[in-house]
Amino acid sequence: YPIIVKAVDHVDTTSPSLEVNTHATHTIIRDQEWEYRINHTGTDILESIAVNGKVLATGGRLVARMHSGDPQGGSIKQLPVSLLFGNISEVITEQDGPIQAVLCIKGAYTEEGSALREVMPFTLRLYFYQGVQSVKMVHSFVYEGDQHCDFIGGIGLEFDIPFRHEL
């Protein structure tokens, strides 16, 4: 496969730069009309995403499904399922420059309704770029379950999306 490299002669400094505001409970990232609110504790990592003051999504959280038990030659899908949520323990602003902002979020997946059993520690890095509407996310985790009776059935990121019109 050919590799194509483009040289950039200049950076557009006329457009507004990224704005990173860190508070005790959350961090707000603004880029032109976009605003991202990231929590420092709890399970809702991306509290909200808004454009021009209109909220597009709330409650962005890491979720996982864990099948537990001994399959004894049967299907893993028939085992009881636990719902896990990523619980934030630390948020670090790694970069807050005018072109790029990087937040490192650390925590662990815990069983629904229980902070007692931490199953998988995770690190989630969020990359924000000036003038780019998307957020790059890099997620890594360490599987600490019992390899003989704990099985990951799914892992992802879910949001609550407000309805705008009648059904």
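The model is predicted: local features need pLDDT of at least 70, side-chain atom pairs count only at pLDDT 80 or more, and totals for chains, interfaces and linings use all residues. Residues are numbered from 1 along each chain as its sequence is written, and side-chain values use heavy atoms, with hydrogens and water left out.

The protein contains 10 strands and 0 helices, where helices (H or I, at least four residues) and strands (E, at least two) are DSSP runs numbered from the N terminus. The order of elements from the N terminus is accordingly β-β-β-β-β-β-β-β-β-β. Of its 167 residues, 33% count as buried.

Side chains of opposite charge can pair when their charged atoms come close. The structure holds 7 salt bridges, a salt bridge being a side-chain nitrogen of Lys or Arg within 4 Å of a carboxyl oxygen of Asp or Glu. One of them joins Arg30 to Glu19, with an N to O distance of 3.3 Å. Since Arg30 belongs to strand E2 (residues 26-31) and Glu19 to strand E1 (residues 19-22), this pair ties together parts that are 11 residues apart in sequence. Glu19, with 37% relative accessibility, is partly exposed.

Another salt bridge is formed by Arg61 and Asp160, whose closest N and O atoms are 2.9 Å apart. Arg61 lies in strand E5 (residues 54-68) and Asp160 in strand E10, so the bridge ties together parts that are 99 residues apart in sequence. Arg61 counts as buried, at 12% relative accessibility, whereas Asp160 is partly exposed at 36%. A further salt bridge connects Glu94 with Arg125, and here the closest N and O atoms are 2.9 Å apart. This pair links distant parts of the chain, with Glu94 in strand E6 (residues 81-96) and Arg125 in strand E8, 31 residues apart. Glu94 is partly exposed at 41% relative accessibility, and Arg125 is partly exposed with a relative accessible area of 28%. Through shared partners, salt bridges join Asp44, Arg61, Glu158 and Asp160 into one network.

Strand E5 also contains Gly60. Gly60 is buried, with a relative accessible area of 0%. The C-alpha atoms of Gly60 and Phe159 are 4.4 Å apart in space, although the two residues are 99 residues apart in sequence.

In soluble globular proteins, nonpolar side chains tend to be buried together.

The structure holds 3 aromatic pairs; rings of Phe, Tyr and Trp (its six-membered ring) pair if their centres lie within 6.5 Å, and planes under 30 degrees apart count as stacked, over 60 as edge-to-face and the rest as tilted. Tyr36 and Phe128 make a tilted pair, with 5.0 Å centre to centre and 50° between the planes. This pair links distant parts of the chain, as Tyr36 is in strand E3 (residues 34-39) and Phe128 in strand E8 (residues 118-129), 92 residues apart. Tyr36 and Phe128 are both buried. Ring pairs link Trp34, Tyr36 and Phe128 into a cluster. Separately, Lys136 lies over the face of Tyr127, 5.0 Å from the ring centre; for such a contact, NZ of Lys or CZ of Arg is within 6 Å of the ring centre and within 35 degrees of the ring normal.

Ile152 is placed in strand E10 (residues 150-160) and, at 36% relative accessibility, counts as partly exposed.

Note on methods. Buried < 20%, exposed > 50% of the residue type's maximum accessible area, 1.4 Å probe, protein only.
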